[in-house]
Amino acid sequence: MNNFTFQNPTKLIFGRDTIVKLAKEIPSDKKIMITFGGGSVKQNGVYEQVISALKGHSYIEFWGIEPNPTVETLREAIQLGKDNNIDFLLAVGGGSVLDGTKLISAGIPFDGDPWELVLNPIRIQKLIPHAAVLTLPATGSEMNRGAVISNKITHEKLAFYSSHPQFSILDPQVTFSLPPYQIACGLADTFVHVLEQYLTVTGESPLMDRWAESILQTVVEIAPKIKENSHDYDLMSQFMLCATMALNGFTSMGVSQDWATHMIGHEITALHGLTHGHTLAIILPGTMEVMKEQKWNKILQLGARVFHITDGAESERVALTINQTEQFFRSLGLPTRLKEVNIGEESIQKIKNRFLEQNILLGEQQNIDGFVAEKILKTVME
């Protein structure tokens, strides 16, 4: 295993009717700003539960954090927080609201423009404590310190790291109103989060491998059942916990990581607005195909342990595993080719050129540059 330091300070509050616990988790003397997305929480009852739980607390609301949160919107939230001397943040929503709130947390005490913090997180001087009520399982933002922030002017979508939520409340009942597409993207996001930490070097940690495989196996098992009944509490509980465990640091201890699929996917989202989890479903099979010689043994292990592909020559099993991975995403209802979502050669060249201009090198061996990214994208064109 590689050297590592692990710390995860987020308190996870999981289960039925747990939003009420906000009353005791947030000190009554705090000046709270609650951050929201587009308003679905008013339709599914979450808003009413949050407001009821915060009765007696001092709070203001900020609405409108969009999918793939933009620094332009977050600047408005930061200014509102400054004007009202906010000293606690509560994010209520999916990963985008949680991600945006992490930048707000760093931006309120900061004198400069928040985009400076995205470009150079070392400039973070102080953080406003924050917590979350999760409504959409996918990103794992409820139990990690990472976020992804977009810039409308530069068409960039960049990773940003600040602090973990102090606590996160996960009530699987709030997922019952999610549309099928969002559920599909969340399942894909969860699946690829694990593979970015798993599909690298063989033999680094049998324990981490089996931990990762348990999440992958669970997602593959529950996905078709959720498609049939997304109101099953136990199924949605498993989905919610898988999404959290996929990216809270547990499966990455001491092992190599990739993240090329994510970084290429961020470019697609920045250029076209395609939902993050969907971009991963398109790009991952291309990454596996182009990098299969490097990932050969781990692809074989994935095939055997998750998809039960054990017969035939190694080359046949590798090909079957890559195909089975793509078919899993298609079984969720997600198109897996760029042509199917109207993305063409022009976008591929933009991504290649951006990677080359910024000298971006990705993958567990840092050998995926703009030219390799171009090859990956052309592999999944049609």
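This is a predicted model: local features need pLDDT of at least 70, side-chain atom pairs count only at pLDDT 80 or more; totals for chains, interfaces and linings use all residues.

Helix 4 is largely enclosed by the rest of the structure, because 12 of its 13 residues are buried, where buried means under 20% relative accessible area, exposed over 50%, and partly exposed in between, with a 1.4 Å probe and protein chains only. Residues are numbered from 1 along each chain as its sequence is written, and side-chain values use heavy atoms, with hydrogens and water left out.

Among the buried residues of helix 4 are V97, L98, D99 and K102. Helices (H or I, at least four residues) and strands (E, at least two) are DSSP runs, numbered from the N terminus.

Now to the rings, where those of Phe, Tyr and Trp (its six-membered ring) pair if their centres lie within 6.5 Å, and planes under 30 degrees apart count as stacked, over 60 as edge-to-face and the rest as tilted. The count comes to 9 aromatic pairs. One of them, F36 with W63, is stacked, at 4.0 Å centre to centre and 15° between the planes. F36 is buried, with a relative accessible area of 0%, whereas W63, at 28%, counts as partly exposed. Y47 and W63 also pair, in a tilted arrangement with 5.7 Å between centres and 50° between the planes, and this pair links Y47 in helix 2 to W63 in the loop between strand 3 and helix 3, 16 residues apart.
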